[in-house]
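Hi there,

Here is the structure I promised to pass along. Have a look at it first, and then read on for what turned up in it.

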Amino acid sequence: MVQLDWSNLKFGYIPTNYNVRCYYRNGKWGEIEVSSETTINIHMAATCLHYGQEAFEGLKAHGCKDGKVRIFRMRANAERLQSTCRGILMPEVPTELFEEMVTKVVKLNREFVPPYGHDASLYIRPLLIGTSAQVGVHPASEYLFIIFVTPVGPYFKGGFASSNYVIIREYDRAAPLGTGRYKVGGNYAASLAANKIAHDKGYSCEFYLDAKEKKYIDECGAANFFGIKNNTYITPKSSSVLPSITNNSLQQIARDMGMKVEVRPIPEEELSTFEEAGACGTAAVISPIEKIDDLENGKSYVISKDGKPGPWSTKLYNHLRKIQLGEEPDVHNWVTVLD
Ligand code: PLP
Ligand code: COI
């Protein structure tokens with residue numbers, strides 16, 4: 001086991017020993033290669049550099065009380081990457097290849113999996129890029145699929161603590177029929193300016209309305225939104241939102257706990273009616289929302305009056321964490337256990 005300050009890890013990059021790679025050439029995927037290089041050597045005219053043929057994923061492996069390592073919803077991540085591949089014309093990474101590579105890279109870097117009890121995990125970052133040269137705007141013929149891992153702490157300082165958001169109208173992260181529902185780098189480039197404005201104004205993160213009408217809730221920075229009222233978990237239906245695997249898991253857990261679940265457009269004004277709300281994603285699991293400001297209209301939607309996470313959010317968070325850590329039965333087959 002490497003010696004790291006497990007309790008004070010940031011959501012940042014720490015080198016580990018190995019990454020795994022697989023090349024797509026001549027219409028097929030090759031053998032899995034293990035590498036300890038942190039760099040990649042690609043053609044300067046590669047499509048990932050010029051035309052954004054780039055996709056990534058993000059999932060986590062958890063060190064558990066019983067000494068085992070549990071990987072959360074690997075198959076769902078494989079399937080979302082396949083959807084992204086169809087969206088930007090890259091060859092799909094087969095589920096079996098994805099799962100074999102994820103499992104392999106976690107095992108190879110076993111000593112970097114944070115031990116139980118530090119609010120830390122091993123973040124797994126699969127990356128698929130078009131590597132062959134192309135000057136016209138066309139898909140590449142060759143691709144590299146690479147997965148690296150890095151130990152991480154909580155995404156937001158304070159972990160499961162409430163955050164403030166600000167509605168930004170000057171920038172959209174994605175268009176209704178654009179790439180918002182795919183996990184491609186361009187969406188994140190499009191979010192950087194809005195994110196900086198939010199930080200400069202003292203907020204944790206920016207909050208997006210739908211790009212077309214600026215009427216409905218889209219996303220909370222790089223996370224999905226949910227609101228809770230009257231025992232109902234409500235989350236936006238939108239063609240520009242990334243289908244979050246955490247959100248999908250929370251919806252299922254909410255149903256399992258007897259809540260109703262609604263996936264529908266949520267008008268901005270409805271924010272004033274929620275008893276609780278949160279941002280959800282792999283990195284933070286749930287980041288409870290204290291308030292959302294609409295500066296242009298002089299409105300402040302205060303969701304958590306005492307600044308604390310609400311009871312449903314806390315229950316959902318704890319339940320999901322316990323499944324990830326093997327402390328609740330894995331009734332939906334979400335977890336891959338490594339001995
Ligand atoms: N929305 C965006 C834009 C994201 O980048 C992410 C992170 O992956 C999410 C939502 C949350 O998705 P997931 O729960 O699958 O991590
Ligand atoms: C998440 O995992 O919730 C994210 O938003 C990923 C981000 C670091 C790109």
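This is a predicted model: local features need pLDDT of at least 70, side-chain atom pairs count only at pLDDT 80 or more; totals for chains, interfaces and linings use all residues.

**The two ligand sites**

As for labels, residues are numbered from 1 along each chain as its sequence is written, and chains are lettered from A and ligands numbered from 1 in the order in which they are written.

Around ligand 1 you will find Gly 58, Glu 219, Ala 222, Ala 223, Asn 224, Leu 242, Ser 244, Ile 245, Thr 246, Asn 247, Gly 281 and Thr 282. That shell splits into four nonpolar, seven polar and one charged residue. Which elements each supply at least two residues of the shell around ligand 1? They are β12 (223-229) and α5 (245-256), and α5 gives the most, with three residues. Helices (H or I, at least four residues) and strands (E, at least two) are DSSP runs, numbered from the N terminus.

**Two helices worth a look**

α5 has 12 residues and reaches 16 Å from its first C-alpha to its last, close to the 16 Å expected at 1.5 Å a residue; the expected span is 1.5 Å times one less than the number of residues. Its buried residues are Ile 245, Thr 246, Asn 247, Ser 249, Leu 250, Gln 251, Ile 253 and Ala 254. Here a residue is buried if 20 or more other C-beta atoms lie within 10 Å of its own, exposed if 12 or fewer, and partly exposed in between, with C-beta atoms placed from the backbone. After α5 comes Gly 258, with a positive phi near 90°.

Helix α4 (residues 185-200) has 16 residues and spans 23 Å from its first C-alpha to its last, close to the 22 Å expected. Where is the kink in α4 centred? It sits on Leu 192 and amounts to about 35°, the bend at a residue being the angle between axes fitted to the seven residues ending there and the seven starting there. The buried residues of α4 are Asn 187, Ser 191, Ala 194 and Ala 198, and they pack against β9 (163-167) and β10 (205-209). Two residues are in contact if their C-beta atoms, placed from the backbone, lie within 7 Å. Gly 202, with a positive phi near 90°, follows α4.

**Domains**

The protein is divided into domain 1 (6-152) and domain 2 (163-317), with bounds that come from an automatic or database domain assignment. The contact takes 17 residues from domain 1 and 11 residues from domain 2. On the side of domain 1 that touches domain 2, β4 (54-56), β5 (59-63) and α2 (74-87) each supply at least two residues. The largest share of that side, six residues, comes from α2. By class, the side has six nonpolar, six polar and five charged residues. The C-alpha centres of the two domains lie 26 Å apart.

**Some single residues**

Most residues other than glycine have a negative phi. Val 285, in strand β16 (residues 285-294), has a positive phi of about 65° although it is not a glycine. Is Val 285 buried or exposed? Val 285 counts as buried because it has 26 C-beta neighbours inside 10 Å.

Asn 230 also has a positive phi, near 45°, and is found in the loop between β12 and β13 (232-235). Asn 230 has 9 C-beta neighbours inside 10 Å, so it counts as exposed.

Ser 272 lies in the loop between β14 (260-263) and β15 (276-281). With 12 C-beta neighbours inside 10 Å, Ser 272 counts as exposed.

Best wishes

Terms used:
A residue is near a molecule or strand if its C-beta atom, placed from the backbone, lies within 6 Å of it. Ala, Val, Leu, Ile, Met, Phe, Trp, Tyr, Cys and Pro count as nonpolar, Asp, Glu, Lys and Arg as charged, and the others, Gly among them, as polar.
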